[in-house]
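Good morning, colleagues. Please look at the sequence and the structure together while I take you through some local features.

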Amino acid sequence: MKLSRIVLFYFLFILLVGCKKDPQEIFNEQKSGVVLICNEYYYDVTLADGEHFYFTGIASDGTLQGLTSTLSDIKKSPAILNGTGFFVDGTGRILTNRHVVAPEIDKDQVRKNMNSIIEGYAQYIQALQDSMDQRYQAIQQYAQSRVYEDEYGESQLYMSQDEVEQLNSELNNLRQQYAQAENIKERVRSNILGYNFSIRLHSQFGIAYDGSNVNSWDDFMKNPCVLLKSSQDANSDLALLQLKSKQTPEGKYIFDYTKFDPDKENVKITQQLYMIGFNQGVSLAKTNHGINAQFTMGTISQAPDGNRIVYSIPAMQGSSGSPVVDEDGNLVAVNFAGSNGSDNFNFGIPILRVITFLK
């Protein structure tokens, strides 16, 4: 009778408390499925005359970083961006944030910068033309100063034949150079960008696993990826990569996003949540034992509105794309942004939006 009471109490305790996993158990089980993403990228603008200009971003002063017209130069010094991703199936598909694999650029700022450069070059050519014109006028004035009237009232030129030919040759050269410069200036100004110009993003993706050694870009490219798709929904900062092998390595944890029950309240205020990710990318992840993911926790601090979940999990740049799970280890969100001025309030994309994106 006493034993039956103990068993009954045990089952009541399970019903009331639930089978919550130990946080360490969740981390140990799931960290193998979380990856550090490296994106090497640059932007490409093609002008009307077919000339290409490449750059890596916009500096704090508004100028274009790494601007060059030489493709080999930009490939030697591309921009580098780290983020987090995680496996969602056995085919090597990795979920992350759109801004990790396809960073947006202020198109209007690019247009203003490029047009300023184009107009500056046109003005430089104009300055050369002004210099040519001044030289042309000076030669003519000099030639006029060498004309005099003889005793018979006839105009005579006080220059040798060689000097006359030399000045005429220079005048002809100046006229030709001026015309050539005018053509170049018009071609340059024809490249002025309107509002419908396009910017092409060139990216290469590689990943590294928890515990692996990362010392260079080549280490990431041991596991190259391709971009399958990115969300066009402004409220879903999501993107999907896939290993070129199209196979999730054996033993890597796969986050099952299909467990979501739309008829059940999956998250609520003060609920405990956990995040596994690579805050600050390689710089913080790198240890004497390879790169190590970080495990952080917090609680839901605002009622979810369907577009985002607000929680108190600390996060820094590099944690974008990290999986956020509940106390049972179920995926509930994808981390995507932090609040301005604080690392302690961050935002996640709810699982329902993830499911919609992955359909």
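Predicted model: local features only at pLDDT ≥ 70, side-chain atom pairs only at ≥ 80, totals over all residues.

Over the ring of which residue does the charged end of Lys252 sit? The charged end of Lys252 sits over the ring of Tyr209, 4.2 Å from its centre.

Residues are numbered from 1 along each chain as its sequence is written, and side-chain values use heavy atoms, with hydrogens and water left out.

Let me turn to the aromatic rings. The structure holds 10 aromatic pairs; rings of Phe, Tyr and Trp (its six-membered ring) pair if their centres lie within 6.5 Å, and planes under 30 degrees apart count as stacked, over 60 as edge-to-face and the rest as tilted. One of these pairs is formed by Tyr41 and Tyr43, edge-to-face, with 5.8 Å centre to centre and 80° between the planes. Tyr41 and Tyr43 are both buried, where buried means under 20% relative accessible area, exposed over 50% and partly exposed in between, with a 1.4 Å probe and protein chains only.

Tyr274 and Phe295 form a stacked pair, because their ring centres are 5.2 Å apart and their planes are at 25°. Tyr274 belongs to strand 12 (residues 272-277) and Phe295 to strand 15 (residues 294-302), so this pair ties together parts that are 21 residues apart in sequence. Helices (H or I, at least four residues) and strands (E, at least two) are DSSP runs, numbered from the N terminus. Tyr274 is buried, at 6% relative accessible area, whereas Phe295 is partly exposed, at 22%. Ring pairs also bring in Phe27, which forms a cluster with Tyr274 and Phe295.

Phe27 takes us to helix 2 (residues 23-30), where the buried residues are Ile26, Phe27 and Gln30. Viewed down the axis, these buried residues fall within an arc of 95°, so they line one face of helix 2; the arc is that of the directions from the helix axis to the C-beta atoms. Why might such spacing place residues on one side? An α-helix has 3.6 residues a turn, so residues three or four places apart point the same way. The cover over the buried residues of helix 2 includes strand 1 (34-46), strand 12, strand 15 and strand 17 (323-325). At the start of helix 2, a side-chain oxygen of Asp22 comes to within 3.0 Å of the backbone nitrogen of Gln24. That is a polar contact, a pair of N or O atoms within 3.5 Å; within protein, one must be able to donate a hydrogen and the other to accept it, and residues adjacent in sequence count only if both atoms are side-chain atoms.

Helix 9 (residues 351-358) has buried residues Ile351, Val354, Ile355, Phe357 and Leu358. These cover an arc of only 160° around the axis, which puts them on the same side of helix 9.

Asn346, in strand 19 (residues 346-350), is buried at 3% relative accessibility, and its side chain reaches the backbone oxygen of Ile313 at 2.5 Å. Thr68 sits in the loop between strand 4 (64-65) and helix 3 (71-76) and is buried at 13% relative accessibility. A polar atom of the Thr68 side chain lies 3.0 Å from the backbone nitrogen of Thr70. Beyond neighbours within four places in sequence, Thr68 is in contact (heavy atoms within 4.5 Å) with His52, Phe53, Tyr54, Asp73 and Ile74.

Finally, the backbone. Most residues other than glycine have a negative phi. Thr270, however, has a positive phi, near 70°; it lies in the loop between strand 11 (239-243) and strand 12 and is exposed at 59% relative accessibility. Gln280 also has a positive phi, near 65°, in the loop between strand 12 and helix 8 (282-285), and is partly exposed at 41%.

Key
Lys NZ or Arg CZ within 6 Å of the ring centre and 35° of its normal.
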